[in-house]
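Dear colleague,

I am passing on a structure that you have not worked with before. Please look it over first, and then read the notes below, which go through what was found in it.

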Amino acid sequence: MATVQFRLRSKANKNVSIKVRLLNGKSLDLELNTGFTINPNQWSETTDRPKQNNPENKVLTNNLNKLETYIFDSLNRDLSTGVLIDTYWLQNQITNCFQRVEKTDTGILTNHIQYIIDNANTRKVKGRSKIGISESRVKGYITFKNLVEVYQKELKKQIHFLDINKTFVDKLTNWLINQQKYSVNYSGKVIDNLKTICLDAEKNDIKVNPYIKQIEGFTESNEDRFIVTLSFEELEQIRTAEITNTALKNARNWLLIGCNIGQRGGDLLKITKNDIRYKGGNMYLDIIQKKTGKSVTIGIINEHIIDIIENDFPHEISTQKLNYYIKKVCEVAKINELVEGKRLNPKAKKDNPASMRKVLDFYPKHQLITTHSFRRSFATNYYKQIPTGVLIGITGHSKESLFLEYINKREDKDANADLFMKFYEQINKDKEPQLKVS
């Protein structure tokens, strides 16, 4: 039978903490501070409560009785549903009973995430001389914190850094993929974010579980990744399609430019004519990539893209609207080949988050085209036609292995050798053979 006891652990002639102790058979013995204090000479050893000799002690007694009832009610409820009853559970009951907010408890995962968000503009970024993390990264931390709060409701407890061991990570991974139906890639990013937050907490002298250094994110294997791109032939089909709607014409121009410059959708939509310059009769586009901070220059030689930029430059719209319009553009252009990919469940319900995940199936290709397709189309179409090092300089990938993973390719050493021989021949084609006189 469970019992709740209150006691003092000191008889000093000063205010000391009142402890609450929860026992349940031989398997459970927990003790924590209630947050209340009292001078031992005001404590009754007979009743394990304050002496009833002044109004303050009477209020304190009422609070302890309230906490005892709250703990018993919560224990009966949570034991029936299999909730883990531990020190953190007991701390939650104390906090919730009196509606206390633990703003200063840095050992709580969500509190440290909020600390990072609140100090985003002064945080140092590894590998960069400037301080302050990007707006998109801050949004990522906010999304991650919201997800953690949902998981805490599932656990019915706050997550402390000391909780984060192998069992915790395994259970979180199972919850993400099997219960919430998140993709493998997204779930892997969540685990990566968890490790990043834990390592940051450790650098700030917060006690963490030693296991955090062993946490590893994950992605789908290459065979399971479905990359939807537009070939040169499909781009020409889109360019020449009969489109009269103004919004669709604007979206088509963004699509054609995007598939020819190899930049992320967010960077693409911020381009203006002021980013264009000319040198020696050639057109150049200068961009600073928002995600990486890299300065990239793209040479534009396709006559159709030059014409769009000079005579019909598209106006800025949101990424959400562009994703909607380009599907319509591709539908008009009859990009209808059935391809395998993931699309939001058409039967999704807002009140059922698990139903609002993408479903893997075969769809007409136009339904799967997004702004993500632009950069991948550029990289895929020009791979093996232009040296990979040149493409990486445009897309902004930090190394070749990441670029090849991005387009789902393996390094082809023969292709590299063939490209070398091709360029060697071009370099030497106009040179006359040198006669060697002996």
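Two strands are said to pair if DSSP finds at least two bridges between them, and the helices (H or I, at least four residues) and strands (E, at least two) are DSSP runs, numbered from the N terminus. Please keep in mind that this is a predicted model, in which local features need pLDDT of at least 70 and side-chain atom pairs count only at pLDDT 80 or more, while totals for chains, interfaces and linings use all residues. Residues are numbered from 1 along each chain as its sequence is written, and side-chain values use heavy atoms, with hydrogens and water left out.

To begin with the sheet, three strands form an open sheet in the order S1-S2-S3, with antiparallel pairing; its edge strands are S1 and S3 (28–38), each of which pairs on one side only. From one strand to the next the twist averages 20 degrees. S1 (residues 2–8) is joined to S2 (residues 16–24) by seven bridges, and leucine 8 stands opposite isoleucine 18 in S2. Between S2 and S3 there are eight bridges, and here leucine 23 stands opposite aspartate 29 in S3.

Helix H1 (residues 55–79) lies across S1, S2 and S3, running at about 150 degrees to S1, where angles run from 0 to 180 degrees between N-to-C directions and axes are lines fitted to C-alpha atoms, for helices over the stretch in contact. Contact means heavy atoms within 4.5 Å.

Elsewhere, arginine 123 has its place in the loop between helix H3 (109–118) and helix H4 (135–155). Arginine 123 is buried, with a relative accessible area of 16%, and, leaving aside neighbours within four places in sequence, it is in contact with Tyr115, Ile116, Ile131, Gly132, Ile133 and Asp200.

Finally, helix H12 (residues 372–382) and helix H13 (residues 388–395) pack at an angle of about 170 degrees, with their axes 10 Å apart. That makes H12 roughly antiparallel to H13, a term used for angles over 145 degrees. The contact is made by Arg375, Phe378, Ala379 and Tyr382 of H12 and by Leu391, Ile394 and Thr395 of H13.

Technical notes. Angles under 35 degrees count as roughly parallel, over 145 as roughly antiparallel, 65 to 115 as roughly perpendicular and the rest as oblique. Buried means under 20% relative accessible area, exposed over 50%, partly exposed in between (1.4 Å probe, protein chains only).
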